[in-house]
Amino acid sequence: MKRTLSMLLAAGAAASGLMVMPGTAEAAGGCKTMSAPGGGSAYVCKYYYAQGGGLYHGTFSVSGASSRVYAQAYYDGYVQTVTDPGGRTSGGFRDVAKFHVRVCNSGCSAWY
C-alpha cells in the first residue's frame with residue numbers, strides 16, 4: 001500500500017514533535033508544549049487512528065511557536081520541515097507506519 005502524507009500548511013509555524021504508536025481503532029494522541037534545545041517552544045497536538053496492517057492516519061498541528069522555533073515531521077523514513085521559524089501549521093497523514101514531529105532551532109528536540 002502506498003504511504004502518503006498530506007499537509008495543509010497555514011503560514012509559518014513553530015516546532016514540535018509527534019509520534020504514531022500502535023493503538024486501536026479508537027482515537028489516540030493529545031497535546032503538549034515542546035521545548036527546543038536552543039530555547040523557545042511550540043504547542044503540538046496529534047491524533048491518530050489505526051487503519052489495520054500496521055498503518056495509521058491522523059491529524060497534527062503546531063502553534064504558539066517562539067520566533068526562532070520551527071517544526072519538522074518524520075513519516076516512514078522521510079523528514080520534512082513543515083513550518084518556518086515562529087510559524088504554525090496543521091495537516092494530516094494517511095497510510096503511514098510511523099509519524100513523528102519535533103521542534104528545532106540551534107538543534108532539535110526528541111521526536112514526539
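**Strands, core and aromatic pairs in a predicted model**

Let me start with the hairpin that strand 3 and strand 4 form, which has two residues between the strands, and in whose turn Gly53 has a positive phi of about 65°. Helices (H or I, at least four residues) and strands (E, at least two) are DSSP runs here, numbered from the N terminus, and two strands pair if DSSP finds at least two bridges between them.

A word on the source. This is a predicted model, in which local features need pLDDT of at least 70 and side-chain atom pairs count only at pLDDT 80 or more, while totals for chains, interfaces and linings use all residues. Residues are numbered from 1 along each chain as its sequence is written, and side-chain values use heavy atoms, with hydrogens and water left out.

Back to the hairpin, then. Strand 3 and strand 4 pair in the antiparallel sense, over nine bridges. Cys45 lies in strand 3, and its bridge partner in strand 4 is Ser61. Cys45 is buried, with a relative accessible area of 12%; buried means under 20% relative accessible area, exposed over 50%, and partly exposed in between, with a 1.4 Å probe and protein chains only. Cys45 and Thr33, twelve residues apart in sequence, are 8.8 Å apart in space, C-alpha to C-alpha.

Strand 4 (residues 55–63) is also joined to strand 7 by six bridges, and these two strands run antiparallel. Along this pairing, Val62 stands opposite Thr89 in strand 7, and Gly58 stands opposite Phe93 in strand 7. Strand 7 is mostly covered, with six of its eight residues buried. Asp95 lies in strand 7 (residues 89–96), counts as buried at 13% relative accessibility, and has a positive phi of about 60° although it is not a glycine.

At 21% relative accessibility, Asp76 counts as partly exposed.

What of the interior? In soluble globular proteins, nonpolar side chains tend to be buried together.

Rings of Phe, Tyr and Trp (its six-membered ring) pair if their centres lie within 6.5 Å, and planes under 30 degrees apart count as stacked, over 60 as edge-to-face and the rest as tilted. By this rule the count comes to five aromatic pairs. For Tyr74 and Trp111 the ring centres are 5.8 Å apart and the planes stand at 55°, so this pair is tilted. Because Tyr74 lies in strand 5 (residues 70–75) and Trp111 in the segment after strand 8 (99–104), the pair ties together parts that are 37 residues apart in sequence. Tyr74 is partly exposed at a relative accessible area of 22%, and Trp111 is partly exposed too, at 29%. Elsewhere, Phe60, Phe93 and Phe99 form one aromatic cluster.
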